[in-house]
Amino acid sequence: MESTEQTRSISGSMQSPRSPSSLPYLSVSVTDPVKLGNGVQAYISYRVITKTNLPEYQGPEKIVIRRYSDFVWLRDRLFEKYKGIFIPPLPEKSAVEKFRFSAEFIEMRRAALDIFVNRIALHPEVQQSEDLRTFLQADEETMDRFRFQETGIFKKPADLMQMFRDVQSKVSDAVLGKEKPVEETTAAYEKLKHYIYELENHLAEAQKHAYRLVKRHRELGQSLLDFGKAVKLLGACEGEPTGKAFSDLGTKSELLSIKLQKEAQQVLMNFEEPLKDYVRYVQSIKATIAERGTAFKQHCELAETTKLKEINLDKLMLTRSDKVGEAEIEYREIKAESEVATRRFERIVTRMEEEIVRFQEQKTEEMGVAFHQFAKGQARLANSIADAWRSLLPKLEASSAVQI
Amino acid sequence: MMGSENADGFEETNLNAQRDVMENLDLGVDGDAGGDNPLKKSVVNGDTSNSGYRSAMSTLSNVRDPLSPPPTVMIPADSDPLLAPPSSYEDFRSFGSKPISSDNSYIEPPSYADVIFSPFDENSDSEINGAEDSSLHSQFSDSLSRSPSSSSSDYIKITVSNPQKEQETSNSIVGGNTYITYQITTRTNLPEFDGPSDFSVRRRFRDVVTLADRLAESYRGFCIPPRPDKSVVESQVMQKQEFVEQRRVALEKYLRRLSAHPVIRNSDELKVFLQKQGKLPLQMSTDVASRMLDGAVKLPKQLFGEGGASAVPVHEVVQPAKGGRDLLRLFKELRQSVSNDWGGSKPPVVEEDREFLEKKEKMHDLEQQIINASQQAESLVKAQQDMGETMGELGLAFIKLTKFENEEATSNAQRIRPNDMKNLATAAVKASRFYRELNSQTVKHLDTLHEYLGMMMAVQGAFADRSSALLTVQTLLSELPSLQQRVEKLEAASSKVFGGDKSRIRKIEELKETIKVTEDAKNVAIREYERIKENNRSEVERLEKERRADFMNMMKGFVVNQVGYAEKMGNVWAKVAEESSQYDIEKQSS
C-alpha cells in the first residue's frame, strides 16, 4: 500500500528552519528487507532511511538498519510516554509465519512498518520524541543496547513504583469496601467507548470477508487454469473446427487465470491489509482507553486519599497534636501526587479528544483510498476479462461458419 | 422444486437469511430500486422452470439461489414459452441499446451482443426437440440448424411431472408394493402422433426400463441415449422427495433425448409409450429365472435347428445371446471370443475395419477428455459461485459498517463522506448478484459437456452391438467347418457298409439339415452385421456433426455470457471508482 503520508509535509509546532525558504520536513522510509541469520534465529532486517532538515537530526539523510523488535521497542516507549495518544499499530509478531518468511509476508510486513513510522513522524506531538530520534539515528549497537534494556527483566524504578501503587490501590479498595471499579461515566465518553468497541467488530468482519475474497480470486484463477487445460486437451481430440475453437478457449482461460492471481495480490495488499491495519489501530485505541481508565482511577483515588488526609490534618490541628507536623508533610506529598495524577488524567482526556478527530479524518482518507483502489482494481479486472473473452468471439464465429 | 427448502443445514438457512437481507436492501441510490422488486417475487416461480440445469451441476443443487434467473415477471407475456433469463432475452430484443454507462435498468444486455448475433425468431424454437428450456445454447443451435429434419414447424415437447404414489393390485393378503408413477405429457405437431396434439399418460419407472430394453433390441447399432439408472442406493441422506425429484428430472431428460433422435422419435415403442393409456403394451423384460425355464424348452432349437428349421425363427439368431434360454449359445460365443483373443487361429471374419478400430480408440479418448472437462467445468462453476457469495458478504459487512458509522458518529468528521463506503457496499452486492446470474447461465452452457457424457455411453452401446453381431457371425462361421467334417466322416464310414447304413444315413440327413439352417443363420447374421455397421457409421457421423455444433454453441454461449457479465461488473465498479476519484493517489499532487 502506497504510503501517502510520506509526501505530506509537517505542519505546526516545528522550530524555525535553518533556511527561511525551506519548510520543515521529516520523511522516513522502510525498505530493502533482508533475511539474516539461520533457522530459529533468522530474522529480517530493514533499511530505514530518514530524510530531514530538522535541526535535531543529523544531516539531510541518515540510513540505519533496524529489525522488527526495534520497532516494538519504539512503540512501547511511545506508548508509555504519550498516554492518551493513539500510537499507530505494528503488524503482528507472528511467530509461525516467521519461519516461512514468504516473499508476500515480508513485503506486507515491510509496508506495514513503513506506514507505522510515517504515521509517527507526521504526528505533531509524537514526532518530537527523543526515542524516535534514537530509533531513526542511533547506530546498531546502541540500538541493540536500548532494546535489550527494555525487554530485559530490569525494569526502571518508575515502573516499580507504578506496580506498587497498583497493588496499593487494590488493597485500599478492598479495605474501603469498594466493589465497583471506578470509572468515568460521562455520556460522551461512554458513547466513545461503545463506538470504539463496536467499530472493532465491524472492521474485523469486513476484514474477514476481504481476506476470503482474496482467496476466492485465487481459487477462481486456479479453476480457470484447470478448465483451460482440460478444454485444450478436449480440443486435441476433436477435429476442426471445434478443435481450434477449444484450443483458443483454453488459452484465453489460462490467460485470465493469471490476471485473477494478480488481482488477488492487489486486493490483499491494497484492500485487505488496510482493513487489517485499522482493526489493529482500533485495538490500540482500546489500549489507550484502558490507560485512561487507569489514570482516572488513580486520579480519583489520590483525590480521595488527599481529602482524607486533609480531614485528618484538620482534626489533628484542632487537637493540637504533635503529629501535626508529620501529617502536614504527608498531606502535602499526597496532594502533590494527586495533582500530578489529575494533570496526567486531564492531559489524556485532552489528547484523546484531538486524537479521535485526527483518527477519524485519517480513517476516512485512508479507507477512501483503499476503497477507491479496490473499485479501480475490480473495474480493471472486469474490463480485461470482458476484452479477453470478447476477442475470442470473431474466431468462434469464423470457426462455426466453416461447414462442419 | 425447492429442494433446498429441506434445509440442508444451518449454513443453508443462514445463507438464505443473508440473501433475504440483500433482497430487501434499498439499493435505490441510482434508481435501481425499481429493478429490485421483481426479483423479490422471483423466488417462487423461478425455480420450477429450471429443472433442466439442476441435474448435472450437483454442487449448485444445495444453493438454490432465489435470485437466479429472474423469470416471467421480467418478460412480456407473449413470449412465455421462452422462460429465458432476462439478460439473454433482452439481448435479442433490445437492439437499440447503447453500451451501458449507467445502470438504468437492472438487467441490461451485454452491449456487443446485438452486434454479433442476429435476432432469433422467438416464437418457434425454444421448444425444439429435446432442447432444454430455451437456454442460450439451444437458441444458437437453432441458428446452426443442426438436424436437417427439424424445420421450425416440427416440434415435440415432453414433460414429466406430478409424481404419485400408487399401490400394486395384488392377490396376496398382505397387499402389494407401492410404487411411484409419473405423468408424461407430450405436446407435438408431428404427424406420427396424429398431431398437433396434447396427451398424457402415467408410467412407472419399470415401464421406462421396458421401453429402453425394447429400443435396444430394435435399434441395434444406433446411439441410443442411455436411460436413467435403475436403482439408487437408498441412503439415509437422500430423502424420498429428493430422490423422486431427481428421477423425475432424469426421466424428462431421457425422454427428450429420445424424441430428439431423428430415427428413434419415430419408433413404435416410443409412440406407444407416450400415447397408450393404461398398461404399457410392450413386452416386459423378463428376469433370468423365468428365462431359464423358457430356455430349457427352447434350448435344443437354438443353433441345432432340430425338428425343422421353422421352429426357431432365424431372425432370433441375430439377436444377441441373452441369459437364460440362450445359455448354450452364450457358451459357444464365449468360446469363440476366447479363441479370438487367445487362440492362435484367426477368426474367419476379422474386424478388419481399421477405421472402426481407430474410431473406437478416438471415442474412448474423447470420452476421457469430456469427463475431465466436465469436472473442471464443475470446479469453475463452484469457484464463480463462491466468488459471488463472498462478494455479497463483503457488501453486507460494509453496509452494516456504514450504518453503524452514521448512527454512532461522535463527531461530524465521520459523517463527511459516508457515501464512499456505501457505494462500495452497494457495488459489491450488485457484483455478487451478477456472479450468481453468470453462474446459472454458465451451468446451462457447460451442461452440454454432461450431456455428451451420456451420448458417449450411447456410442459405446452402438459399438457393442456391432461387436456382438460380429461375434455371432464368427461363431456361426466356425460351426460350419466342423459340421461339414462330421458329415464327411459319416459319409465315408457309411459308404463302406454295403446297402447303406440306415442309422448313419439318417444322421447324415439331419446333419445336412443342420448345415443348411446354420448357413441360413450365418447369412442372416452377416446381413445383420452389415446393417449394424451401417447404422454405426451413420449414427456416428450424425453424432459427430451434432456434437461439433453443440460444442460450438456451448463455447459461444459461455463466452458471450462471460463478456456480458464482465461488462456489467466493470461498469458498476468503474462508477464507484469514478465517484471516489478524489482518493486517487495517482491524481493527488506530490
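This is a predicted model: local features need pLDDT of at least 70, side-chain atom pairs count only at pLDDT 80 or more; totals for chains, interfaces and linings use all residues.
Colleague: Which helix does α15(B) pack against at about 20°?

Modeller: Helix α18 of chain B, residues 502–579. Helix α15 of chain B covers residues 354–408. Their axes lie 14 Å apart.

Colleague: Roughly parallel or roughly antiparallel?

Modeller: Roughly parallel, because angles under 35 degrees count that way. The crossing of α15(B) with α18(B) is left-handed.

Colleague: Which residues make that contact?

Modeller: From α15(B), they include B:F356, B:M363, B:L366 and B:I370. From α18(B), they include B:V540, B:F551, B:F558 and B:W573.

Colleague: How do the residues of that contact divide?

Modeller: Between α15(B) and α18(B), 10 are nonpolar, three polar and three charged.

Colleague: Now α17(B). How do α15(B) and α17(B) cross?

Modeller: At roughly 165°, with axes that come within 7 Å. Helix α17 of chain B spans residues 419–496. α15(B) and α17(B) are therefore roughly antiparallel. This crossing is left-handed.

Colleague: And what is the contact of α15(B) with α17(B) made of?

Modeller: It has 31 nonpolar residues, 13 polar and seven charged.

Colleague: Switching to chain A. In which sense do β1(A) and β2(A) pair?

Modeller: Antiparallel, over nine bridges. Strand β1 of chain A is residues 26–36, and strand β2 of chain A is residues 43–52.

Colleague: What is the bridge partner of A:T31?

Modeller: A:R47, in β2(A).

Colleague: How many residues sit between the strands of that hairpin?

Modeller: Six. In this hairpin of β1(A) and β2(A), A:G37 takes a positive phi near 75°.

Terms used:
Residues are numbered from 1 along each chain as its sequence is written. Chains are lettered from A and ligands numbered from 1 in the order in which they are written. Side-chain values use heavy atoms; hydrogens and water are left out. Axes are lines fitted to C-alpha atoms, for helices over the stretch in contact, and angles run from 0 to 180 degrees between N-to-C directions. Helices (H or I, at least four residues) and strands (E, at least two) are DSSP runs, numbered from the N terminus. Angles under 35 degrees count as roughly parallel, over 145 as roughly antiparallel, 65 to 115 as roughly perpendicular and the rest as oblique. A crossing is left-handed if the near helix is turned anticlockwise from the far one by less than a right angle, and right-handed if clockwise. Contact means heavy atoms within 4.5 Å. Ala, Val, Leu, Ile, Met, Phe, Trp, Tyr, Cys and Pro count as nonpolar, Asp, Glu, Lys and Arg as charged, and the others, Gly among them, as polar. Two strands pair if DSSP finds at least two bridges between them.
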